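Hello,

Here is the structure I said I would pass on. My notes on its aromatic rings and nonpolar cores follow below.

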Amino acid sequence: MKVVSWCGCFTEDFLVSRRFFCFNATTASASASKKKPLVFLGSPQVSATVLDALFNASSAPTSSFEVAAIVTQPPSRRDRGRKVLPSPVAEYALDRGFPSDLIFTPERAGEDTFLSALRALQPELCITAAYGNILPTKFLNILPLGTVNIHPSLLPQYRGAAPVQRALQDGAKETGVSLAFTVRALDAGPVIACEKMEVNDQIKAPDLLALLFSKGSKLLIRELPSIFDGSARVKAQPQDDSKATLAPKITPEDSWLFFDQEASVLHNKVRAFAGWPGTRAKVVIIDDKSGQQNIIDLKIITTKVCCNPNIQANEKDDITYVKGALIVPCGGCTALEVLEVQLPGKKVVNAAAFWNGLRGQKLKFL
């Protein structure tokens, strides 16, 4: 097995030959340490915020725990070059000098080889933050103190894979982050603590997600002593399942915008799906001189609800440009201000640059 050191880059031989980093029991120090071993599970960049907080807290002179292992998604093709890269959490951990043989990347958290390696560490607690894999009962049963999850919603609201995106899509004015014990039912465990925050009408999903995991990190560090001494289990509040709402996974098919909907619905969708999968619309560019029509997929990057649309019935298909925005008529006599767009294969541009590039051609959204 070949692993290029701390920089986080992996050779093809490593990627092909192994599905997860091998654990060498002779390197484990958790059982010999006086500190309580904790295992962290996370994968995307926002998870690295939580891992950073755990590293910093564990290095304090008064700390009672250490990060004994990290579990994350296997290397995958990402970024523009489509190179096979470790997850952002794995990259961050390696950059911090964390031992590569204590970073696990199983395809499934129920794999016997992985679970055997995990048991050898004798961990007392697991912390999960956007790990991206279902944890089976045989995994959960390993931990004496259980598994605690940072979930970016006010549980029992928005249980599921996309809580931030679905909250923004619904136009939620308030959201938050919850610290809850993990059970087999989806995001249904007792809640240890939560923190609320207001949501402004322009924030996009990636920014809100980062804010919530930052708050969640602080909440976790504050509550860790009670989790380790067992008092968190006593004070944790069961969720009211009758008030639960779901946040199902987003698919690329969800990204299309349809302008027969009201502007506020479309604006919320643009905010919710920013980053991935984004939002897009079919656009017809019409050349009046030649009569030629060109249909393209246009990504809609940034929008705002037009305060005074004043849309007349005979103008419902006319797209105009006013003060730095494309004014798009929408359902219910509303209008959407489109501030930034992206043509296929091009960079994101503001509405002024896009409008000037039309050179007098007309524009129509299908």
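**Aromatic pairs and cores**

There are seven aromatic pairs in the structure, a pair being Phe, Tyr or Trp rings (six-membered ring for Trp) with centres within 6.5 Å; planes under 30 degrees apart count as stacked, over 60 as edge-to-face and the rest as tilted. One of them is the stacked pair of F55 and Y92, at 6.3 Å centre to centre with 25° between the planes. Because F55 lies in helix 2 (residues 45-58) and Y92 in helix 3 (residues 88-95), this pair ties together parts 37 residues apart in sequence; helices are DSSP runs of H or I, at least four residues, numbered from the N terminus. F55 and Y92 are both buried (under 20% relative accessible area, 1.4 Å probe, protein chains only).

This is a predicted model: local features need pLDDT of at least 70 and side-chain atom pairs pLDDT 80 or more, while totals for chains, interfaces and linings use all residues. Residues are numbered from 1 along each chain as its sequence is written, and side-chain values use heavy atoms, without hydrogens and water.

F104 and F114 have ring centres 5.6 Å apart and planes at 65°, so they form an edge-to-face pair. Both F104 and F114 are buried.

The largest nonpolar core has 69 residues, among which I70, F139 and L224 touch the most other members. Such a core is a set of buried Ala, Val, Leu, Ile, Met, Phe, Trp, Tyr and Cys residues joined through side-chain atoms within 4.5 Å. A second, separate core of 23 residues includes A281 and I300.

Regards

How values were computed. Helix = DSSP H or I, 4+ residues; strand = E, 2+ residues; numbered from the N terminus. Buried < 20%, exposed > 50% of the residue type's maximum accessible area, 1.4 Å probe, protein only.
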